[in-house]
Amino acid sequence: MAEFLELEAQDGVRMSWNVVPGTKQEATNCVVPVSAIYTPIKQFPNIPVLPYAPLRCRNCRSVLNPFSIVDFAAKIWICPFCFQRNHFPPQYASISDENLPAELFPQYTTIEYQSPGEAASVPPVFMFVLDTCIIEEEMAFLKSALSQAIGLLPDNSLVGLITFGTLVHVHELGFGQIPKTYVFKGSKEVSKDQLLEQMSFFIKKPKPPTGVIAGARDGLSSESIARFLLPASECEFALNSVLEELQKDPWPVPADQRAARCTGTALSVAAALLGACVPGSGARIMAFVGGPSTEGPSAIVSKNLSEPIRSHKDLDKDSATHYHKAVKFYEGLAKQLVHQGHVLDLFACALDQVGVAELKVAVERTGGLVVLAESFGHSVFKDSLRRVFQSTDYDLGLSSNGIFEINCSKDIKVQGILGPCASLEKKGPLCSDTTIGQGNTSAWKMCGLDKATSLCLVFEIVKKDIPDAGVQSTSNQFYFQFLTYYQHSSGEMRLRVTTLSRRWVAGPGSIQDLIAGFDQEAAAAVMARLVSFKMEIEAEFDPIRWLDKTLIHVCSKFGDYQKDNPSSFSLSPRFSIFPQFVFHLRRSQFVQVFNNSPDETAYFRMILNRESVANSVVMIQPSLISYSFHSGPEPALLDVAAIAADRILLLDAYFTVVIFHGSTIAQWRKAGYHNQSEHQAFAQLLQAPRDDADAIIKERFPVPRLVICDQHGSQARFLLAKLNPSATYNSDSHHPGGDIIFTDDVSFEVFLDHLQRLAVQ
């Protein structure tokens, strides 16, 4: 495992197979697809940033890299992707064996170029879109969180404000004398032209007869833009006074009805306004939503309270009347935002659903952030919002306007990307016929990305067969190059280039090589993204069955056994934890939608689709640490047997962090022993998991929910739901002080037993 982590520390890449199956047939037999999880702008302490433009191959446009073959005498380099011979330009005249440019250093497989004079002209833009159909108490929480956030904004950033309820209000912050707003009807769609006309953009400067209206350069005066988008340093007072005056939506709501909330219209007005004023700049629409949309084209439920909000069952039976129309609306919005290069961030805080499942497409295609909490007063929301704007060691490193491109050796094609990006529909020989996620392209738009954003690339090996062995040994490397062109948080444009080489193997003796290069954590993360994707797009898809079949095939291909003898079955250490990952993935919130609303499921999957391998593994198989008087903190098995009366357990399930006190510990705590000076050891024991939990919470986004509970208490369910049920209500093995789980689910031992029996057939 350690060598895969080293590769990730150098290039930000984890591949499921680090020795690649060399032919189409071999790759199919390996079951787990050849794939990579790549973090495009992961932060490296010593990455070189070169102050000049990259040197590109004149045939395939790939960038000069350490795997290029260089002829120093003739000043020629050969591209490893298309074997084109390229001449070095005059500025490389002094190149020699001893005098290499940084991009040819063997250790700099990941490098950044910063083109001088290419700084972005427009500062970052934040458009706050606030829901006012919420109760007074929530309104107060939201106002206080926002005024804090406004204080943290960079001084040069531009800020706009839209509030919505039954109607959409666009606030003219630049009009100092009195608060002034433009109002749009919530149930009616507004086109960009109508919007500009009604907001009197063309009073002083008439509308140009032809062409597209796009910012101060094309058709708008900068004064008219500055009415709605002001630098944070100038409008802080105006913005805070508008927020202070802000009231709950005044329209009366009958007792048997939901409030009229036009979320979609408000977002579409925000998108049109930004598209007209600041197209192509790093702008973010930050939507704060406190309930379901009931008005306009994006409604997810009618106003009558007698109609419940759609559940998973309704979606399966296709009886959710508003769902497809709303998704179609947000797909259109996503397309518009991607075209403009703008991001949609969603902060959904309500006890009921607000429509995250429908909004998912717009947030994910634009690379937006998403936070789901129960209330605007909850620490999950407040701390997450603060983290977005904070500039500390744990800042998110928000960047914008990214374009991600890929190049590979000719025997590899790209099926697509699962992750926060949108296809730019750049077709070419690299595109596979089968698509997964955002496919059929070799370039993607990433409107918003941060230093944790991770994409899952799925490849297809297209090589048919292997010629004789003599030829094979000369060029048994596959090459991959990832190019990320983005606007750094400092405002300058950068190009990050990562070039990888991986050995391929084929033929009878290759299985040991494949085993040695298998990264089971990366494979589990890829399988989780794949199964979530299939559950969303394939009708009648049975995820449990698909995962089980995959696992059985993997075990029968790579396991060590005598036919029809289950007790002889064993797996190499490279594969030994993979069955455990699949077991927990089958029980995880990504696959088991029972007990979760469609909004929660969409939220979990959106986060899974953008996180690194290490974080994805924690979501699939949470980590458990045990604290007791007898020993220091130590990892415990994720099993009900880990519970003991005199132990404290710390469960990190990514979205929730649980501190669980055994029954004896809980009794001592209630008796107040930790406050007595002679029981300092007990006070330290109670504090240790708190400190570790704080460390986890400090570096994670969205901020997880902290649950502190006692054995046999109602909140203990947060821990019990994640544990392997090795002791249930109908099993004999029960140790005193421990616990049992009331479930009919199979335990991991039974699962493994069945797996061995099926794998050896």
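Modeller: The model is a predicted one.

Biologist: What feature does UniProt place at residues 519-617?

Modeller: The UniProt record, an unreviewed entry, gives "domain: Sec23/Sec24 helical" for residues 519-617. Such an annotation may be inferred rather than shown by experiment.

Biologist: How do you know how helix H14 and helix H15 are arranged relative to each other?

Modeller: Two packed helices are described by the angle between their axes and the distance between the axes. For H14 (residues 520-537) and H15 (residues 543-558), the axes come within 10 Å and cross at roughly 145°. The crossing is right-handed. H14 contributes Met527, Leu530, Val531, Lys534 and Met535 to the contact, while H15 contributes Pro543, Trp546, Leu547 and Thr550.

Biologist: How many residues of this contact of H14 with H15 are nonpolar, polar and charged?

Modeller: Seven are nonpolar, one is polar and one is charged.

Biologist: Why is helix H16 called largely enclosed by the rest of the structure?

Modeller: A residue is buried when its relative accessible area is under 20%. Eight of the ten residues of H16 (residues 578-587) are buried, and therefore the helix is largely enclosed by the rest of the structure. The buried residues are Phe578, Pro579, Phe581, Val582, Phe583, His584, Leu585 and Arg586. Their cover includes H14, H15, helix H18 (613-620) and helix H22 (748-759).

Biologist: What makes Asp564 count as buried or exposed?

Modeller: Exposed means over 50% relative accessible area. Asp564 has 56% relative accessibility, so it counts as exposed. This residue lies in the loop between H15 and H16. Its phi is positive, about 60°, although Asp564 is not a glycine.

Biologist: Which loop holds Tyr654, and why is Tyr654 called buried?

Modeller: Tyr654 is in the loop between E26 and strand E27 (656-661). Its relative accessible area is 1%, so Tyr654 is buried, the limit being under 20%. Tyr654, a residue other than glycine, also has a positive phi, near 70°.

Biologist: What makes Ile648 count as buried, and which residues does it touch?

Modeller: Ile648 lies in strand E26 (residues 648-652). Its relative accessibility is 0%, and therefore Ile648 counts as buried. Not counting residues up to four places away in sequence, Ile648 touches Ile625, Ser626, Tyr627, Ile659, Phe660, His661, Ile665, Leu685, Leu686 and Pro689.

Biologist: Which UniProt annotation covers residues 632-719?

Modeller: The annotation is "domain: Gelsolin-like", from an unreviewed UniProt entry. The span is 34% helix and 22% strand, and its end C-alpha atoms lie 21 Å apart.

Biologist: What kind of peptide bond joins Phe701 and Pro702, and where is Pro702 found?

Modeller: The bond between Phe701 and Pro702 is a cis peptide bond, with omega about -10°. Pro702 is in the loop between helix H20 (680-698) and strand E28 (705-710).

Biologist: Why are Gly341 and Thr366 called buried?

Modeller: Gly341 has a relative accessible area of 2%, so it is buried. Thr366 has 0% relative accessibility and therefore counts as buried. Gly341 is in the loop between helix H9 (323-340) and strand E15 (343-349), and Thr366 is in the loop between helix H10 (356-365) and strand E16 (370-373). Leaving aside neighbours within four places in sequence, Gly341 is in contact with Ser281, Asn401, Lys445 and Cys447. With the neighbours within four places left aside again, the contacts of Thr366 include Ala334, His342, Cys447 and Gly448.

Biologist: How do you know whether the radius of gyration of the protein chain agrees with that of a compact globule?

Modeller: For 761 residues, a compact globule would have a radius of gyration near 27 Å; the protein chain has 28 Å, so the value agrees. The C-alpha trace spans about 85 × 80 × 60 Å along its principal axes. Buried residues make up 55% of the 761 residues. The secondary structure of the chain comprises 22 helices and 28 strands.

Note on methods. Residues numbered from 1 in each chain as written. Predicted model: local features only at pLDDT ≥ 70, side-chain atom pairs only at ≥ 80, totals over all residues. Heavy atoms only, no water. Axes fitted to C-alpha atoms, helices over the stretch in contact; angles between N-to-C directions. Helix = DSSP H or I, 4+ residues; strand = E, 2+ residues; numbered from the N terminus. Left-handed = near helix turned anticlockwise from the far one by under 90°. Contact = heavy atoms within 4.5 Å. Nonpolar A, V, L, I, M, F, W, Y, C, P; charged D, E, K, R; others polar. Rg over C-alpha atoms; globule rule 2.2 N^0.38 Å. Buried < 20%, exposed > 50% of the residue type's maximum accessible area, 1.4 Å probe, protein only.
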